[in-house]
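Welcome, and please open your viewer. We will take a short walk through one structure, stop by stop.

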Amino acid sequence: MRRVDAGKFRRAASRFATGVAVLTVREGQNGICGMTANSFVPISLSPPTVLVSVRPGRMHRAITAAGRYGVNVLPKDGQDLSRHFAGRPASETDPRHELVQGLPKLSGCVAFFACEVTQAIDVSDHTLFIAEVTGCDYCDIDPLVFFSSRYHLGPGAPLESSIHGTPNLSVSLP
Ligand SMILES: Cc1cc2nc3c(=O)[nH]c(=O)nc-3n(C[C@H](O)[C@H](O)[C@H](O)COP(=O)(O)OP(=O)(O)OC[C@H]3O[C@@H](n4cnc5c(N)ncnc54)[C@H](O)[C@@H]3O)c2cc1C
């Protein structure tokens with residue numbers, strides 16, 4: 001099979017705009033093990049199923065041990081939190097959270113999913129953690145967007161009204 005240049009693949013993939021999430025697992029009594037991720041994909045509605053792709057490391061070990069993870073979708077002002085959980089922890093960043101189904105839910109996130117791992121599939125240098133959603137929540141604030149390896153504010157201007165026939169662009173799972 002012909003193999004594409006790694007740098008070119010990375011640049012092309014970066015043109016797929018995504019939101020930014022922080023994956024969370026409880027650590028100790030009151031701590032959070034968290035990792036910034038943009039590989040979150042909702043993959044089926046019934047049952048509500050999602051996946052995240054995680055490289056071996058601290059978060060990979062935490063998800064494997066817990067068998068579950070939280071997905072916190074960051075708001076447009078979540079840049080510092082994203083950096084904090086992407087390997088650049090800042091002492092002045094002290095993320096507040098509450099526990100939902102035993103998983104840390106960060107304050108002010110746009111959406112939260114409590115996820116129970118059903119399959120873990122190793123693919124190249126990542127593992128796909130496929131999970132059933134056991135709870136979710138959302139609010140109507142603008143998200144942080146990642147495009148072309150940079151953070152962007154909000155979702156941009158809508159080109160049409162919602163595909164679900166209502167002016168509200170937010171949709172929650174049943
Ligand atoms: C916008 C954005 C989106 C991101 N999306 C994702 C994503 O979807 N998935 C993802 O995995 N990361 C993603 N990252 C990177 C991730 O947030 C950082 O790499 C983070 O530091 C990993 O935290 P950790 O505590 O799990 O890793 P640590 O244990 O602190 O390790 C840091 C990094 O070292 C590498 N590493 C550690 N152990 C091994 C090993 N045994 N074999 C190979 N490599 C190893 C991994 O790259 C790991 O991420 C994203 C970062 C940003 C900014």
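Two strands count as paired if DSSP finds at least two bridges between them. Strands (E, at least two residues) and helices (H or I, at least four) are DSSP runs, numbered from the N terminus. Residues are numbered from 1 along each chain as its sequence is written. You are looking at a predicted model, where local features need pLDDT of at least 70, side-chain atom pairs count only at pLDDT 80 or more, and totals for chains, interfaces and linings use all residues.

Start by selecting residues 21-27, strand β2, and residues 68-73, strand β6: they pair in the antiparallel sense over four bridges. Within this pair, find Val 22, which stands opposite Asn 72 in β6.

Now widen the selection to the open sheet of seven strands, with antiparallel pairing and the order β3-β2-β6-β9-β10-β5-β4. Each of the edge strands, β3 and β4 (41-45), has a single partner strand, so one side of each is left without a neighbour in the sheet.

Next, go to the loop between β4 and β5 and pick Ser 46. Is Ser 46 buried or exposed? Ser 46 is exposed (12 or fewer other C-beta atoms within 10 Å of its own, C-beta atoms being placed from the backbone), because it has 7. Glu 132 is 86 residues away from Ser 46 in sequence, yet their C-alpha atoms are 9.5 Å apart in space.

Terms used
Buried ≥ 20, exposed ≤ 12 C-beta atoms within 10 Å, placed from the backbone.
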